Amino acid sequence: MDPLDLTIIRDAAHPLYDERVNMPLNENRVKNVMKIGVKEPIIVAKIGDQIVVVDGRQRVRWAIEANSRLEKLGSELIRVPCMTTRGDDADLFGITISLNENRTDDSVMIKAK
């Protein structure tokens with residue numbers, strides 16, 4: 001999907017709000033997306049007439065910024081692979097928490113190898 005067609009919840013009162021949407025963009029990740037695109041699918045749910053990001057907010061933010069830069073260069077724009085899910089706000093929030101908690105960053109030694 002075009003990342004501009006995706007909605008990232010920015011209302012702190014909404015159950016799917018994640019304060020990390022206000023973090024500064026990671027320049028290295030934006031450049032990586034510009035080079036190879038978004039390879040890990042995000043998870044979205046249709047809420048009303050919006051396609052809302054349940055998991056993958058940062059990847060969408062990086063893709064939006066990458067596309068802004070790529071457009072200026074006249075390059076092909078990035079699309080974001082999506083998987084859909086269903087559920088009420090509590091179900092979707094549970095998915096968000098579960099996926100974030102199940103991620104493990106590589107150790108420094110693994111990165112070095």
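Visitor: Is glutamate 27 buried, exposed or partly exposed?
Guide: Glutamate 27 is partly exposed, with a relative accessibility of 34%. Buried means under 20% relative accessible area, exposed means over 50%, and partly exposed lies in between, using a 1.4 Å probe and protein chains only.

Visitor: What kind of model is this, and how are residues numbered?
Guide: This is a predicted model, in which local features need pLDDT of at least 70 and side-chain atom pairs count only at pLDDT 80 or more, while totals for chains, interfaces and linings use all residues. Residues are numbered from 1 along each chain as its sequence is written, and side-chain values use heavy atoms, with hydrogens and water left out.

Visitor: Back to glutamate 27. Which residue does its side chain meet in a salt bridge?
Guide: Lysine 31, with N to O at 4.0 Å. A salt bridge here is a side-chain nitrogen of Lys or Arg within 4 Å of a carboxyl oxygen of Asp or Glu. Lysine 31 is partly exposed too, at 48% relative accessible area.

Visitor: Why can such side chains pair at all?
Guide: Side chains of opposite charge can pair when their charged atoms come close.

Visitor: And how far apart are glutamate 27 and lysine 31 along the helix?
Guide: They are four residues apart in helix H1, residues 27-36, which means about one helical turn separates them. Helices are DSSP runs of H or I with at least four residues, strands are runs of E with at least two, and both are numbered from the N terminus.

Visitor: How many salt bridges does the structure hold?
Guide: Six. One of them links glutamate 65 and arginine 69, with the closest N and O atoms 2.8 Å apart. Those two are four residues apart in helix H2, residues 57-73, so about one helical turn lies between them. Glutamate 65 is partly exposed at 24%, and arginine 69 is partly exposed at 25%. Salt bridges with shared partners join Glu27, Lys31, Glu65 and Arg69 into one network.

Visitor: What does arginine 59 form a salt bridge with?
Guide: Aspartate 55, with the closest N and O atoms at 3.2 Å. Arginine 59 is buried at 12% relative accessibility, and aspartate 55 is buried at 5%. Arginine 59 sits in helix H2.

Visitor: Which backbone oxygen lies 3.0 Å from a polar atom of the arginine 59 side chain?
Guide: That of glutamate 40. A polar contact is a pair of N or O atoms within 3.5 Å; within protein, one must be able to donate a hydrogen and the other to accept it, and residues adjacent in sequence count only if both atoms are side-chain atoms.

Visitor: Which other residues of H2 are buried?
Guide: Among them are Gln58, Val60, Trp62, Ala66 and Leu70.

Visitor: What span should H2 have, going by its residues?
Guide: At 1.5 Å a residue, its 17 residues should span 24 Å, and the end C-alpha atoms are 25 Å apart, which agrees. The expected span is 1.5 Å times one less than the number of residues.

Visitor: New topic. In what order do the strands form the sheet?
Guide: Four strands form an open sheet in the order S1-S3-S2-S4, with mixed pairing. S1 and S4 (82-84) are the edge strands, and each pairs on one side only. Two strands pair if DSSP finds at least two bridges between them.

Visitor: Which way do S2 and S3 run, parallel or antiparallel?
Guide: Antiparallel, with five bridges joining S2 (residues 42-47) to S3. They form a hairpin with two residues between them, and glycine 48 in the turn has a positive phi of about 65°.

Visitor: And how many bridges join S1 to S3?
Guide: Two; S1 (residues 6-7) and S3 (residues 50-55) run parallel. Leucine 6 has isoleucine 51 as its bridge partner in S3, and isoleucine 51 is also the partner of lysine 46.

Visitor: What stands opposite isoleucine 42 in S4?
Guide: Cysteine 82. S2 and S4 run parallel and are joined by three bridges.
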